[in-house]
Every structure is written in C-alpha cells, then in structure tokens.
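Visitor: Please show me the model, and then we can go through it by question and answer.

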Amino acid sequence: DYAFLMLVSYRDRLTAYAKDAKEELADVVAFSNAVAERLNFDTSLSIELPLHRVLGPLRFLRLFLDQIFNSVVIVLVTHGCLTIFALLLADASARTYEYGMLRVLGMGRWSLGAILLLQALYYALPGVALGLVAAGFASVPILDLISSFAELPSDSSFRPSAIFVTILVGLWMPLLGN
C-alpha cells in the first residue's frame, strides 16, 4: 500500500520482443494492463518498460534492412527473369525452324503458346522444388549460427508466406521471360 516503486519482471519478454512491432506493442500493452489489474490500483499508475524504450530506435534499422533486402530480391528476380528469357530465347531461336514447320503443318498459335508455356514450366517446376530443398538445407547451419549468437531459439521451418512467394516468383519468372 505504501510503495513508491515496484519492479515487475516480464517473464515471456524474449518472445514478445522478437515479434513484429505491432505484435510486440500489443503484448507489452497486454502485460502492463495485466499488471495494473493485478495490483488493483485506483490511483494513477506509471509503467515504464526500459527495454521497450531502448529497442524503439532499432526499428528504423530493421526498416532500413528490410528495404535493402527487398531491393536485393527485386534485383535477383529481374536477373532471374533475364536469365530464363535468354535460355528460352536461345532455345527458341534454335527451334525457329521447328516452330515454323509446326505452324505450316496447321498448329495454331494457342497450341504453340501452350508448348512454350510447358517448356517454361519445364524449367520452373524443378527449379522451385530444388530451390526450396537447397534453401532448407542451407538455412539450418546459418540459423544455428544466428541462434547461438543472438541466444534466440531457432526455427528452421519455412513460413507459409515464404513458400507462397517462392512458388509465385518461381513460376512467374519463366512465364514472364517466355
């Protein structure tokens, strides 16, 4: 009743501070509300979270690194599109005579387009599958190194959004290059 200062430890702070900014703020607000309800104070209450305050400026660093990562991904996707386009163009220029003969024999544009689409998928599907497997194997030692350095638990499973973006980009690049 007569305390001027109380220190309360946030037990699950590691998982809360490792989350996204909005989720972290929601967890911190829920924690501070639970502390205030538990103490049953009717007077004014000031809750300070020094670690939350210190991590605030690091959000700008995270935004900056996210922008760099997105820029690198865009450059790599563009490079992949150009590479697959060059492969398909080299193959198409070598097969121009064959495609011309197929058109003369009565094959329609849609059928020839379907052949080119299947050829693009012939490059894309194994590439996506092998890329996901290679990324899975390559990420395990890297995540273990980061987890030992940051003292955070590592989860080597892929998020569904990462798999979705991989499949989307892996199928989109050959179709765009074709």
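Guide: The largest nonpolar core has seven residues in all: Tyr 10, Ala 16, Tyr 17, Val 28, Phe 31, Val 35 and Leu 49. Such a core is a set of buried Ala, Val, Leu, Ile, Met, Phe, Trp, Tyr and Cys residues joined through side-chain atoms within 4.5 Å. This is a predicted model, where local features need pLDDT of at least 70, side-chain atom pairs count only at pLDDT 80 or more, and totals for chains, interfaces and linings use all residues. Residues are numbered from 1 along each chain as its sequence is written, and side-chain values use heavy atoms, with hydrogens and water left out.

Visitor: Which element gives the most to this core?

Guide: Helices here are DSSP runs (H or I, at least four residues), numbered from the N terminus. Two elements give two or more residues to the core, H1 and H2. The most, three residues, come from H2.

Visitor: Why do the buried residues of H2 line one face of the helix?

Guide: Buried means under 20% relative accessible area and exposed over 50%, with partly exposed in between (1.4 Å probe, protein chains only). In H2, the buried residues are Glu 24, Val 28, Phe 31, Ser 32 and Val 35. They line one face because, seen down the axis of H2, they fall within an arc of 95 degrees.

Visitor: Which exposed residues does the face of H2 turned away from its buried side carry?

Guide: H2 covers residues 21–39. Its face turned away from the buried side carries the exposed residues Lys 22 and Glu 37.

Key: Expected span 1.5 Å × (residues − 1). Arc of directions from axis to C-beta.
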